[in-house]
Amino acid sequence: MIGVQNVDAIQEVQVLTANYMPEYGRASGGQIRFVTKSGSNRYTGNASFFWRDETLQSNTWTRKRSTNPIENSGPADFDYKQYGYSIGGPVPGGMFKDKLFFFGAQEWVNFFQIATNTYTVPTEAMRRGDFSELLNPNNIFISGVQIIRDPLTGQPFQGNIIPQNRLSPNGIAIMNLYPLPTAGFREGSRNAILSSENPQDQRKDNIRFDYRLNQNNSLTYRYSKQSWVAIDAFRPGTGFPFARTDWDRPNQTQNVNWTSTIRNNLINELSYSYSLDQVFINVFTESGLHKRSRTNINYPYIFPANKEIEDKIPSVNIDIFTAIDGGPYPASSEGPIHVVSNATTWVKGRHTFKGGVSVEYSGEDDFDQINVNAIPGGTNNQNGQFEFRNSTTARSGLGISDMALGLFTNYAELGQRAFTKWRSLATDVFVQDSWKPRSNLTIEGGVRWAYWPPWYSTTNNIANFDPRFYDPARAAIINPTTGRVIGGDRYNGIVLPGDGFEGEGKDLVAAQDPRVLALFRGEPRGFSETHANAFEPRLGAAYSINDRTIVRTSAGIFHNRVTLNDSSLLNERCRSGS
């Protein structure tokens, strides 16, 4: 399921830990299944309201140490409201008597808090190129004395002060992204404290109808929508309130189920479900803290066209000081899932046989920047990422003074992002038997077969590196200063799936480039084989020795389906240099 269910709409929770029957598949670990409530011939309902605020909170240790009276005088603002209702019963009307029932529930969660973080930031003097405080062996930033060298001569700057004519305007502008130290605040090397708002709201809608066509047939329709909107207080990890994430997730599921009693020992269930997992991730812009122009940063981009937000801060990784994360957003994705399944149960003596088939057509409409930080010097920020590292031999010796001089260790930037519609059709078939040869012994077993073709792009706008097509004689030549390709074949070893772009892919700029079209070599659309031998036999037994002791044993084979995630959906055009 998608989202978090309303507990007042739940009738039953099934927890499958391991070695479950073949009717459950798609994963090798535990599964949690929810059964929603249904209406009856009697009207029932309830309502609830829960509220909590900062009067029940205590102030945090960090806020108590702040020199800001608003922070040290009491707990941060906190407000939590959870309220909702449920109602169920027969649908009015004589034609629906004893036939049509409904159950509906809604729940809201309104949550607001103020979060607090502490940081290590450059001092006001450092922003003027004055690092004389580092000559004090008791400075808060580094153990002992740190002398700043002139990269041009290798000699120390006089007084540890960089001359004004040597300062980099963009380096100082990047340094000014940091807030100034908080007067009087000190927590180890941390010298700044900030607070930021964190609102979160949820809404959960559930409606279910049950219709008895006749004594042997019934229909069930269920609709659930879980909407979640939130604004993060800080960027994760680094903790600054710059380029905060603005979330919007209006997820939904629908299900239609037809249950038919063919005979008193033969039941069939036909089901269709549709789910839509929507993720819209934006950048909170009301404060203006996301803008690089607020401190006059104006360095040229490597890929100047098609920025989602042109005026957005870069990411900054620097030794000693707290990093700044400009983040990978805005981004979005939508994952439609269609599932048709049928299962038949036949009871014969002490045996309960069950068999079925499930067909799923699903995918993701992906417009997301993917975390490519596994690549050394890489980034997930379309607006760039700088690294400033300390060194005993190179540059000025300290990352923060390198920043003032405009000398970065590495720089990386993402180019234009592609919109990719991923799809795949998966089929699962199972048969099983639950046998009770004795009242205190149950033996269960069966087999499941999974046929899971790989995910593919409907337009063939995905790429892969294949060593079979790499020619060392045509290796790309990169300028170590600029990071640009200046010779060789930049596409050496790259292959595209199928025989050409399809559908909307034909409108891409790359589709007009003969060098790109030459990369189609008839490879499978998903770049991997489809395995037809994924059989999952399972067998288990439970024996009751007495009223207090049960012995269970089981064994089976399980497979996990590869999902669409940050590891499989890699972005293109990431460049770095030093």
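**Strand residues, sheet and overall build**

Tutor: Arg208 has its place in strand 6, residues 192-214; strands are DSSP runs of E with at least two residues, helices are runs of H or I with at least four, and both are numbered from the N terminus. This is a predicted model, in which local features need pLDDT of at least 70, side-chain atom pairs count only at pLDDT 80 or more, and totals for chains, interfaces and linings use all residues. Residues are numbered from 1 along each chain as its sequence is written, and side-chain values use heavy atoms, with hydrogens and water left out.

Student: Does Arg208 count as buried or exposed?

Tutor: Buried means under 20% relative accessible area, exposed over 50%, and partly exposed in between, with a 1.4 Å probe and protein chains only. The relative accessibility of Arg208 is 16%, so Arg208 counts as buried.

Student: Which backbone oxygen does the side chain of Arg208 reach?

Tutor: A polar contact is a pair of N or O atoms within 3.5 Å; within protein, one must be able to donate a hydrogen and the other to accept it, and residues adjacent in sequence count only if both atoms are side-chain atoms. The backbone oxygen reached by the Arg208 side chain, at 2.8 Å, is that of Thr36.

Student: Which residue in strand 22 stands opposite Leu496?

Tutor: Strand 21 (residues 494-497) and strand 22 run parallel and are joined by two bridges. Opposite Leu496 stands Phe520.

Student: With which residues is Gly522 in contact, leaving aside neighbours within four places in sequence?

Tutor: Gly522 lies in strand 22 and, at 44% relative accessibility, counts as partly exposed. Contact means heavy atoms within 4.5 Å. On that basis, the partners of Gly522 are Gly498 and Asp499.

Student: What percentage of the residues in the protein is buried?

Tutor: The secondary structure comprises five helices and 25 strands. Of the 578 residues in the protein, the buried share is 44%.

Key:
Two strands pair if DSSP finds at least two bridges between them.
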